Amino acid sequence: STTPVKVAVTGAAGQIGYSLLFRIASGSLFGPDTPVELRLLEITPALKALEGVVMELDDCAFPTLAGVEIGDDPEKVFDGVNHALLVGARPRGPGMERGDLLEANGGIFAPQGAALNKVAADDVHVTITGNPANTNALIAMNNAPDIPDEQFSALTRLDHNRAISQLSSKLDVPVTDITKMTIWGNHSATQYPDLFHAEVGGKNAAETVGDQDWLENTFIPTVAKRGAAIIEARGASSAASAASATVDHARDWALGSPEGNWVSMSVCSDGSYGVPEGLISSFPVTVSDGKWEIVQGLEIDDFSRGRIDATVAELAEERDAVTKLGLI
Ligand code: NAX
């Protein structure tokens, strides 16, 4: 039989974990023929709750689930992992300044990066979902000097999927008609969902919409503030959709992006599109053989330039802040 793929998930007893683990275990990530072994990391007080989740995983009798290990020590849990989905993070508490938030998360992502560096498989693909995702990824990457930078990424796939969904309902077309969506920059309110390079049934999306006012004043803010709208409606943050996007992201990174299309991933910039080298910023990427490549040669008009520059400036500020804190 095939050797199981080892997948680590952190924050496994949390909301996103409660959806994500079952998707991975049931074969949504690597398909029905690839067994997976789950490695679940939690903080010590959450281990009991996590044991309950593992009881439920057992009770599903998933044919693709080859084993589950849990623990609170990243060096044990990450041992030999091929994929690491870093979901657990410190949320912003009352009265917490942005600097405090970055520092608290640095205390999580610096040691996790170092542990991956020490014990993960050479081919490990690291995906950061926990917020602030891009800067947490930057911290993990910079604390893992022996893992190539290309093996780190942050999740902007949820924003990408939200953008597809909003455009699909505006034009009353199936989501499968929409290709080449791009989220640029940071997974935050400054992100730039780009319709100028997206296509609907092979035609330019911005031209098909033909309504710059909707694009600027409805589409972009609706996508960027969707997380807040869900909290307002549900009384809790998006979890199942975030888990689904994490699966989409990790699957496409492992198995490749669809022919004739691209996906949005936050990856280490090589300077493309004027994004400073070394920032973890969202780009349009294609993937094959487990390696992403930034789509080149897209023309960026003044409107898009301004939006990209603004969200990238925020990433640069976050990088300066964590540099000052000695986290990278
Ligand atoms: P929960 O608070 O339900 O779960 C987080 C879990 O992480 C908790 O069980 C906690 O014990 C655990 N944890 C904390 N520190 C840890 C550590 N050092 N090691 C291991 N586990 C640790 O949050 P949930 O709703 O699951 O969200 C998780 C993260 O995803 C949050 O940071 C959230 O902001 C972020 N999100 C990111 C999204 C994205 O698109 N990138 C969208 C959804 C979500 O908002």
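Leaving aside its neighbours within four places in sequence, which residues is L298 in contact with? The partners are W184, H197, W262, Y273 and P284, where contact means heavy atoms within 4.5 Å. Before going further, here is some background on the model.

This is a predicted model, in which local features need pLDDT of at least 70 and side-chain atom pairs count only at pLDDT 80 or more, while totals for chains, interfaces and linings use all residues. Residues are numbered from 1 along each chain as its sequence is written, and side-chain values use heavy atoms, with hydrogens and water left out.

**Two annotated stretches**

UniProt, in an unreviewed entry, lists residues 5-150 as "domain: Lactate/malate dehydrogenase N-terminal". UniProt positions are given in the numbering used here, feature names are shortened, and annotations may be inferred rather than shown by experiment. In the model, residues 5-150 are 42% helix and 18% strand, with the end C-alpha atoms 20 Å apart. For residues 156-323, the values are 48% helix and 18% strand, and the end C-alpha atoms are 23 Å apart. Helices (H or I, at least four residues) and strands (E, at least two) are DSSP runs, numbered from the N terminus.

**Helix α1 and its two partners**

Two packed helices are described by the angle between their axes and the distance between the axes. Here the axes are lines fitted to C-alpha atoms, for helices over the stretch in contact, and angles run from 0 to 180 degrees between N-to-C directions.

| Helix pair | Angle | Axis distance |
|---|---|---|
| α1 and α2 (residues 47-60) | about 30 degrees | 11 Å |

Towards α2, the α1 residues Y18, L21, F22 and A25 meet V53, E56, L57 and C60. By class, that contact has seven nonpolar, no polar and one charged residues. On the α10 side, I16, S19, L20 and R23 of α1 meet A240, A242, A243, S244, T246 and V247. This contact has six nonpolar, three polar and one charged residues. For these classes, Ala, Val, Leu, Ile, Met, Phe, Trp, Tyr, Cys and Pro count as nonpolar, Asp, Glu, Lys and Arg as charged, and the others, Gly among them, as polar.

An α-helix has 3.6 residues a turn, so residues three or four places apart point the same way. Within α1, the buried residues are I16, G17, L20, L21, F22, I24 and A25. Buried means under 20% relative accessible area, exposed over 50% and partly exposed in between (1.4 Å probe, protein chains only). The buried set packs against α2 and α10, and also against the strands β1 (5-10), β2 (36-41), β3 (65-71) and β4 (83-86). After α1 comes G27, with a positive phi near 105 degrees.

**Backbone features in loops**

Most residues other than glycine have a negative phi, and most peptide bonds are trans. K180, in the loop between β7 (178-179) and β8 (182-184), is not a glycine and yet has a positive phi of about 55 degrees. Y273 also has a positive phi of about 55 degrees. The loop holding Y273 runs between β12 and β13 (280-288), and Y273 is buried at 11% relative accessibility. The peptide bond from N131 to P132 is cis, with omega near -10 degrees; P132 lies in the loop between β5 (125-128) and α5 (133-142).

**Back to L298, and two other sites**

L298 sits in the loop between β14 (291-294) and α11 (302-324) and is buried, with a relative accessible area of 18%. Y273 is one of its contacts. S281, in strand β13, is buried at 1% relative accessibility. Its contacts beyond four places in sequence include N134, G185 and M265. By contrast, P258 is partly exposed at 41%, in the loop between α10 and β12 (263-268).
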